[in-house]
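I opened this notebook to record what I looked up in one structure. The entries follow the order in which I looked.

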Amino acid sequence: MKIYQIFIMSLLLMAVSCTLDKTDYESEINTAVPEHYEFKEATTVKKDGYTISIETLNGTFYQGYNEIRLKIIDTQTNEKINASEVTFLPIMTKADGSKTSCPYQYTLNYKPEGKYYSGYSVFTDKSNTAGNWKLYLSFTVNEKIYTVDKEITVNEQGNKNLNMTSFTGNDGEQYYIALIAPQKPNVAENQLVAGVYKYNKPSVSTGNLPDPSQFSYSEVKGYTLQLDPRMPEPSMGNHSSPNNKDLIEGNDGLYHGVVNYTMTGNWTLNFILLNQNGKIIKGTKVSTDFTPGVPGAKSELFIDILF
């Protein structure tokens, strides 16, 4: 009897051990989804009588997509000024001294209704001991060019609905996909918005910092991002949902589609990225086979979300 009890206890311990090695879906489902809709100052720097203020949602730089609002203020009059040629360049310096960047908008657009300059940055990594971020900014007032730089902290994105991924396509190019909306989905058909970007390899391998030609990225034009959402939990059968729509480029340069979440929980957005000619850049179809107790299969191109 004792031998039998020991055998049963061993099986139970093995089962618990195996379970701990798998994704803790229940714990993830109970995670609160943060939402941020208010722009606040994330960093500020002064230069020759001007204060440059950069605002982001929640006043924080996050890994992934960040909408940027930059204001230039005359420190004497405390008035926002309308400068020209306002540029924005984020650069990460790694522990070994090498430098890299991320998808971003170099020349910012002026928004007269709010008297600020608008752009974005898709930070690919959070700040840590392996690397730190610095912003290189410039603007022109009365034909004089001002340059300034400022170290910033990029935080981990706590909202999985705003996750991102990077990958090398079948064409050998480096791509990035960043989720932008919705921040907090509903059990319904949701408007899904994503940015799709590509790294532009410099024609010359060296340049003086900060040289934007060494850190150039472009918005991908005219592609299609095929969508197949699934619930990958072992008990969910990796089921999908009806009425989803693939993401196509809108007038704003972002990719828009529809994802239908039929219940809350862990979802995987499986993608296939097609170029203008319908050629697969990355991604594979997901099998409909289901093995009870085993997490569902995923495309080679996917982003996990949670709400």
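**Entry 1: Ser 299**

I began with the surroundings of Ser 299. Leaving out residues up to four places away in sequence, I found that Ser 299 touches Asn 270, Phe 271, Gly 283, Thr 284 and Val 286. I then looked up its place in the chain: Ser 299 sits in the loop between strand 21 (280-282) and strand 22 (302-306). Is Ser 299 buried or exposed? Ser 299 has a relative accessible area of 2%, and the cut-off for buried is under 20%, so Ser 299 counts as buried. I also noted a polar atom of the Ser 299 side chain 3.0 Å from the backbone oxygen of Phe 271.

**Entry 2: the model as a whole**

Before going further I checked what I was reading. This is a predicted model. The average pLDDT of the protein is 90, and 90% of the residues score at least 70. Residues 1-22 are another matter: pLDDT stays under 50 there, and the model has one contact beyond four places in sequence for them. Where pLDDT is low, predicted coordinates should not be read in detail.

How many helices and strands does the protein have? I noted two helices and 22 strands. The protein has 307 residues, of which 42% count as buried. Of the contacts with a separation of 6 or more, 58% are between residues 24 or more positions apart.

**Entry 3: the cores**

Next I looked for nonpolar cores. The largest has 26 residues, and Leu 70, Ile 72 and Phe 139 have the most contacts inside it. At least two residues of this core come from each of strand 2 (50-57), strand 4 (64-74), strand 6 (84-94), strand 9 (116-123), strand 10 (131-141) and strand 11 (144-152). Which strand gives the most to this core? Strand 10 does, with five residues.

I followed Phe 139 further. Setting aside neighbours within four places in sequence, Phe 139 is in contact with Tyr 50, Ile 52, Ile 72, Ala 83, Ser 84, Glu 85, Val 86, Lys 144, Ile 145 and Tyr 146. Apart from this core lies another, of 25 residues, including Ala 194, Val 220, Leu 269 and Ile 281.

Tyr 146 was on the Phe 139 list, and I looked it up next. Tyr 146 is found in strand 11 and is buried, with a relative accessible area of 9%. Not counting residues up to four places away in sequence, Tyr 146 touches Lys 47, Asp 48, Tyr 50, Leu 137, Ser 138, Phe 139 and Val 141. Lys 47 and Tyr 146 are 99 residues apart in sequence, while their C-alpha atoms are 7.7 Å apart in space.

I then turned to a lysine. Lys 71 lies in strand 4 and is buried, with a relative accessible area of 14%. What does the side chain of Lys 71 make a polar contact with? The partner is the side chain of Glu 55, at 3.1 Å. Among the residues Lys 71 touches beyond four places in sequence are Thr 51, Lys 80, Lys 115 and Tyr 116.

I traced four strands that form an open sheet in the order 7-6-10-11, with antiparallel pairing. Strand 7 (99-100) and strand 11 stand at the edges with a single partner strand each, so one side of each has no neighbour in the sheet. Inside the sheet I looked at strand 6 and strand 10, which run antiparallel and are joined by nine bridges. Phe 88 stands opposite Leu 137 in strand 10.

**Entry 4: strand 19**

My last stop was strand 19 (residues 255-260). Why is strand 19 largely enclosed by the rest of the structure? Five of its six residues are buried, so the rest of the structure largely encloses strand 19.

Strand 15 (residues 189-200) pairs with strand 19 in the antiparallel sense over six bridges; Asn 190 has Val 259 as its bridge partner. Strand 18 (residues 245-249) also runs antiparallel to strand 19, with three bridges, and there Ile 248 has His 256 as its bridge partner. Five residues lie between the strands in the hairpin of strand 18 and strand 19, where Gly 253 takes a positive phi near 85°.

Note on methods
Residues numbered from 1 in each chain as written. Predicted model: local features only at pLDDT ≥ 70, side-chain atom pairs only at ≥ 80, totals over all residues. Heavy atoms only, no water. Core = buried A, V, L, I, M, F, W, Y, C linked by side-chain atoms within 4.5 Å. Buried < 20%, exposed > 50% of the residue type's maximum accessible area, 1.4 Å probe, protein only. Contact = heavy atoms within 4.5 Å. Pairing = 2+ DSSP bridges. pLDDT = per-residue confidence, 0-100. Polar contact = N/O pair within 3.5 Å; in protein donor to acceptor, adjacent residues only side chain to side chain.
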